[in-house]
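Hello,

Here is the structure we talked about handing over. Please open it first, then read the notes below.

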Amino acid sequence: MSESAEQPRSGPSSPAPESTSSSLLERVKARDAEAWRRLVSLYGPIVYHWCRRMGLQPEDAADRGQEVFIAVAGGIAAFQHDQPGQTFRGWLWTITQNKIRDHFRQTGKQPPGIGGSDFQGFLAQVPGGESAPSTATGEPEPCGQLLRRGLEMVRGEIEERTWQAFWRVVVDGRSPADVGAELNMAPTAVRKAKSRVLQRLRQELGDLPAP
C-alpha cells in the first residue's frame, strides 16, 4: 500500500456532503475535503483508542494516528470496500497495527506487560477492525462512540419530525404506532422515517452496522 502526505482536496466535481447517492468513502475517494474531515472526525478517536490500548503514550498515540491517516489518504483510492470480507475498519486496523509495530521497532521498547510473541498475539485479537480487547481501565469501547459521532453529523440534515420519529423508535424503544400517534404520523411513515435516518447513518459510517 502506498503512503502519501497529500490530503484529499475538494474539486469542482466533488459530491455535496449531503448527497444520498454516494457513501462517505466514495466522497473521500473523490477528494471531497468535507468528506475527509468527517472521516477523520469519525475514525480518528478509534485509531487513538487502539494505539492507547496497545500501550502508546498520549503524544505517541496522536503522532501514530497522524501517520495512519497519511497512509489512508495515500491508499484510499485502491481500497475496495464493496468486496466480500473487506471492511473499512478492518483496513484501518491493519494500517494501525503496522504503525504500532513501527513505533515499538523504532523506539526499541516493548508494550507495557507485553513482549515478543505475546504482543503479536495481542494484535491478532482484533480481526476485521473490531475494537481492541478491553482492559482493566473500564474505558468504553469505541464503536458506540462512533455511532454517536455519526448521529451528531447527520442530525442537521434530517427534518425535525423525521428525526423525532427515528429517535423515539430506535433510541427510546417505542413502537411505531405509539410514536405515530404522538407525532400525528401513520405507523408506516414512522418506519420509513426510521429507515431514512438509518440509511443516511450507514452512508456516513460505511461498513459499521447502524442501530
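This is a predicted model: local features need pLDDT of at least 70, side-chain atom pairs count only at pLDDT 80 or more; totals for chains, interfaces and linings use all residues.

H8 itself spans residues 176-183. Its buried residues are Val179, Gly180 and Leu183. They cover an arc of only 100° around the axis, so they sit on the same side of H8. The general rule behind this: an α-helix has 3.6 residues a turn, so residues three or four places apart point the same way. What covers the buried residues of H8 includes H7 and H9.

**The largest core**

Which residues touch the most other members of the largest nonpolar core? They are Leu39, Tyr43, Val72, Phe88 and Leu92, out of 40 residues in that core. Seven helices are listed here as giving two or more residues to it: H1 (24-29), H2 (33-53), H3 (58-75), H4 (88-107), H6 (142-155), H7 (160-171) and H9 (187-205). H2 gives the largest share, 9 residues.

Take leucine 39 as an example. Leaving aside residues up to four places away in sequence, leucine 39 touches Leu24, Leu25, Val28, Gly44, Val72 and Phe88. Another core, of 7 residues, lies apart from the largest one. Among its members are Val169, Val179, Leu183 and Val190. Val179 and Leu183 are also among the buried residues of H8.

**Aromatic pairs**

The count comes to 8 aromatic pairs. One of them joins tryptophan 36 and phenylalanine 69. The pair is edge-to-face, with 6.3 Å centre to centre and 85° between the planes. Tryptophan 36 is in helix H2 and phenylalanine 69 in helix H3, so the pair ties together parts 33 residues apart in sequence. Are these two residues buried or exposed? Both tryptophan 36 and phenylalanine 69 are buried.

Tyrosine 43 and phenylalanine 88 form another aromatic pair, also edge-to-face. Here the figures are 4.9 Å centre to centre and 70° between the planes. This pair links distant parts of the chain. Tyrosine 43 lies in helix H2 and phenylalanine 88 in helix H4, 45 residues apart.

Why does tyrosine 43 count as buried? Its relative accessibility is 2%, and buried means under 20%. Phenylalanine 88 is buried too, with a relative accessible area of 0%. Tyr43 and Phe88 belong to one aromatic cluster with Phe79 and Trp91.

Best wishes

Terms used. Residues are numbered from 1 along each chain as its sequence is written. Side-chain values use heavy atoms; hydrogens and water are left out. A nonpolar core is a set of buried Ala, Val, Leu, Ile, Met, Phe, Trp, Tyr and Cys residues joined through side-chain atoms within 4.5 Å. Buried means under 20% relative accessible area, exposed over 50%, partly exposed in between (1.4 Å probe, protein chains only). Helices (H or I, at least four residues) and strands (E, at least two) are DSSP runs, numbered from the N terminus. Contact means heavy atoms within 4.5 Å. The arc is that of the directions from the helix axis to the C-beta atoms. Rings of Phe, Tyr and Trp (its six-membered ring) pair if their centres lie within 6.5 Å; planes under 30 degrees apart count as stacked, over 60 as edge-to-face and the rest as tilted.
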